[in-house]
Amino acid sequence: MSLLAVELNDAGLLLAQPGADGAPGLVGEESPGLAVLHEGRVHVGGDAVRRYRLAPLHAQNRFWQALSVDALPWSAGGIATAADLAHAHLSVVLAPAAQGDANELLVAVPPGYTREQLGLLVGIANECGVIVRGIVDAGLAACSTVAPALHMLHLDLQLHQAMATLLETSRGEGTLRRARYELMPGAGVFALRQAMAADIATAFVRETRFDPLHQAATEQKLHDLLPAWLQALATQDEIDAEIEFGATTHRIPVTRPQLAAAVETLCDDILRLVQAARPPGVMLHVCFSPRVTAIPGLVARLATLRDCVMVELPQGAAAIGALRAANAIVRPAGAIALV
């Protein structure tokens with residue numbers, strides 16, 4: 001059996017497959033769940049990210065979260081529904097493995113999908129030229145990659161919501177199971193980045209009179225540059241943020257505390273989510289994704305919670321964990337069930 005695994009998080013889908021030594025690793029780039037109809041063509045994933053602010057009226061960013069066959073407000077190139085967009089996007093994500101012999105797929109899904117949506121997902125994936133052999137809760141798969149604990153909480157960010165999944169290890173069997181989950185709408189990657197971009201834009205106006213949000217092209221530049229600025233601020237307290245406009249390069253200092261303040265309210269929501277999901281009176285291992293790490297100040301806030309051990313997961317932990325635990329996930333093609 002030659003398996004692939006996809007981590008289905010619309011903040012960035014990730015593909016994993018076994019390497020030459022049999023150990024699973026990531027393949028290709030992270031692919032956000034965005035789609036844009038631009039210049040007569042539908043762009044998805046990374047291509048859509050680079051065009052998203054240029055054609056906002058023809059952009060879609062909820063087709064994975066609200067997976068359905070409902071019609072889109074526009075159609076092009078055979079794409080007319082949210083399911084069509086999901087199919088186009090998943091085809092792009094699977095493309096790096098298309099030349100190999102892997103034709104069976106495990107899907108690590110976030111909590112919240114209905115039975116009907118999971119059935120639609122299996123159909124979409126099968127239409128991409130692979131056979132779905134198993135579906136597993138993403139938090140369960142991700143946390144299976146680190147040292148076990150009696151009580152674990154998987155914390156991750158989707159595009160439009162934060163999710164906390166409580167996992168418990170049975171003392172007798174040693175089996176890790178999902179006990180419950182909590183979702184926090186409005187506290188996802190999209191809102192967090194919008195808040196930071198707005199704060200940076202305000203600083204540009206205040207210090208240089210240049211407003212990067214005034215034109216679509218410079219707004220797109222701001223959002224294109226933001227991930228690199230966040231990566232730099234992970235190891236530095238202050239950086240110079242630069243945006244070129246015409247013949248002029250506008251430059252301002254941006255600090256980590258500044259952006260932490262910009263997302264403080266949203267981080268408060270995420271902390272409340274963790275508190276709502278955790279069981280009282282127990283030691284809890286909080287296992288969080290790199291998406292959580294990338295938000296300035298968020299991990300530091302989480303570290304203040306009592307009786308919590310912070311555990312950072314590697315990128316793509318859900319996809320990698322699914323492959324490692326394939327024997328417990330794979331089902332006959334006609335009897336797929338959420339593990």
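Start with the open sheet, in which five strands stand in the order β3-β2-β1-β9-β10 with mixed pairing; two strands count as paired if DSSP finds at least two bridges between them. Its edge strands are β3 (24-31) and β10, each pairing on one side only. On average, neighbouring strands here are turned by 25° against each other, direction ignored. Helices (H or I, at least four residues) and strands (E, at least two) are DSSP runs numbered from the N terminus.

This is a predicted model, in which local features need pLDDT of at least 70 and side-chain atom pairs count only at pLDDT 80 or more, while totals for chains, interfaces and linings use all residues. Residues are numbered from 1 along each chain as its sequence is written, and side-chain values use heavy atoms, with hydrogens and water left out.

Next, select residues 3-7 and 104-109. These are β1 and β9; the two strands pair in the parallel sense over five bridges. Leucine 4 stands opposite leucine 105 in β9.

β9 and β10 pair in the parallel sense over six bridges, and valine 132 in β10 is the bridge partner of leucine 105. Between β9 and β10 the chain passes through helix α3 (residues 115-127) in a right-handed β-α-β crossover (with the strands pointing away from the viewer, the path from the first strand over the helix to the second runs clockwise).

Within α3, pick glutamine 117. Is glutamine 117 buried or exposed? Glutamine 117 is buried, at a relative accessible area of 14%. Apart from neighbours within four places in sequence, glutamine 117 is in contact with Gln65, Ala66, Leu67 and Gly112 (heavy atoms within 4.5 Å).

Select residues 82-94 for helix α2, which lies across β1, β2 (13-18), β3 and β9 and runs at about 40° to β2. Axes are lines fitted to C-alpha atoms, for helices over the stretch in contact, and angles run from 0 to 180 degrees between N-to-C directions. α2 and α3 pack at about 45°, with their axes 9 Å apart. The contact joins Ala83, Ala86, His87 and Leu90 of α2 to Leu120, Ile124, Ala125 and Glu127 of α3.

Finish with residues 317-324, helix α11, which lies across β1, β2, β3, β9 and β10 at about 150° to β1.

Terms used: Buried < 20%, exposed > 50% of the residue type's maximum accessible area, 1.4 Å probe, protein only.
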